Amino acid sequence: MCGRYAASRRPEDLVGLFDVEVWEPEETLAPDWNVAPTKSVHAILERPLKGSGDPRPVRQLRVLRWGLVPPWATSPEGAARMINARAETVHEKPSYRRAFAARRCLLPADGYFEWVTGAQERELEVQGRKKRARKQPWFVTPADGSVMAMAGLYEFWRDRTLPDDHPQAWWATCSVITTEAEPEPFADGGAPDADAEGRPRSLADIHPRMPLVLTPDRWADWLDPARTDPEELRPLLAPPPPGLVRAHPVTTAVSDVRNNGPELLTELAAPEEATLF
């Protein structure tokens with residue numbers, strides 16, 4: 001799954017990397033090293049400019065809220081539960097199928113966080129010496145230091161309790177598409193003593209799901225709103241080639257959404273040791 005990620009790239013860098021034609025500097029976001037559900041995030045999308053009279057889709061850098069709210073929803077209360085859409089069923093699920101056909105986006109990230117229970121923690125739990133196993137966060141990031149472009153969907157929801165001219169009358173929300181986790185070894189080969197230290201060798205060792213990351217050769221087709229046939233779009237949901245990412249343990253401070261800073265991405269020499277409580 002994708003429940004937390006980091007997005008620290010400057011908007012100016014994203015504009016150049018993704019060939020963005022239109023963006024509003026006053027609406028862009030500050031770097032965020034601990035993006036959690038319901039937060040505002042940067043997204044790349046293509047759609048006609050509102051009020052321009054030109055039907056031509058324009059590639060834009062927009063700010064969306066993470067947690068998709070379908071246009072037919074009576075309230076946005078379920079947004080936090082709709083942060084992910086499964087690639088295997090996104091074309092048929094009522095909450096996502098309309099967006100899959102017409103409103104697809106890219107969500108730029110430095111990488112994403114995933115939590116696993118380490119070997120020591122599991123053993124302590126088995127021995128009954130812990131009430132709850134403490135999970136170790138890992139940061140998954142492109143091995144070459146590039147930007148991770150996660151496949152996403154976006155929707156617009158109208159809050160009928162507010163007048164048309166209210167600045168919060170319309171919500172622009174999004175969801176990250178996920179797929180089965182990659183079973184192949186990480187780009188750096190993983191730790192040779194992974195079993196002994198509880199270090200994962202692959203994404204599948206960390207979690208059974210992962211965000212669907214799109215390589216640059218798929219960006220244009222994915223963003224093109226003229227492509228609306230689900231059967232033609234589904235091949236774009238194929239996982240990327242293996243070996244493009246690496247993962248490293250990071251501080252458990254990232255587990256608290258109130259913590260936010262580049263230190264959250266710093267690689268630890270080893271997973272943090274278990275503590276009893």
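Trainee: Among contacts in the protein chain with a separation of 6 or more, what share comes from residues 24 or more positions apart?

Mentor: In this predicted model, such residues account for 72% of those contacts.

Trainee: And how many helices and strands are there in the chain?

Mentor: The protein chain has seven helices and 13 strands.

Trainee: In what order do the five strands of the open sheet stand?

Mentor: The order is β3-β1-β8-β9-β13, and the pairing is antiparallel.

Trainee: Why is one side of β3 and of β13 left without a neighbour in the sheet?

Mentor: Strands β3 (32–35) and β13 (245–249) stand at the edges, and each has a single partner strand, so one side of each lacks a neighbour there. On average, neighbouring strands of this sheet are turned by 30° against each other, direction ignored.

Trainee: How many bridges link β9 and β13?

Mentor: Strand β9, residues 135–142, pairs with β13 over five bridges in the antiparallel sense. In β13, Pro249 is the bridge partner of Trp138.

Trainee: Changing topic, where is confidence lowest in the chain?

Mentor: Helix α4, residues 194–197, is lowest with a mean pLDDT of 48, whereas strand β7, residues 104–109, is highest at 98. The pLDDT is below 50 over residues 191–196, a stretch with seven contacts in the model beyond near neighbours in sequence. For the protein chain, the mean is 88, and 87% of the residues reach 70 or more.

Trainee: What percentage of the residues count as buried?

Mentor: Of the 277 residues in the protein chain, 48% count as buried. The chain exposes about 13,700 Å², of which carbon and sulfur atoms supply 51%.

Technical notes. Residues numbered from 1 in each chain as written. Predicted model: local features only at pLDDT ≥ 70, side-chain atom pairs only at ≥ 80, totals over all residues. Heavy atoms only, no water. Pairing = 2+ DSSP bridges. Helix = DSSP H or I, 4+ residues; strand = E, 2+ residues; numbered from the N terminus. Axes fitted to C-alpha atoms, helices over the stretch in contact; angles between N-to-C directions. pLDDT = per-residue confidence, 0-100. Contact = heavy atoms within 4.5 Å. Buried < 20%, exposed > 50% of the residue type's maximum accessible area, 1.4 Å probe, protein only. Areas by Shrake-Rupley, 256 points an atom, 1.4 Å probe, with all protein chains shown as cover.
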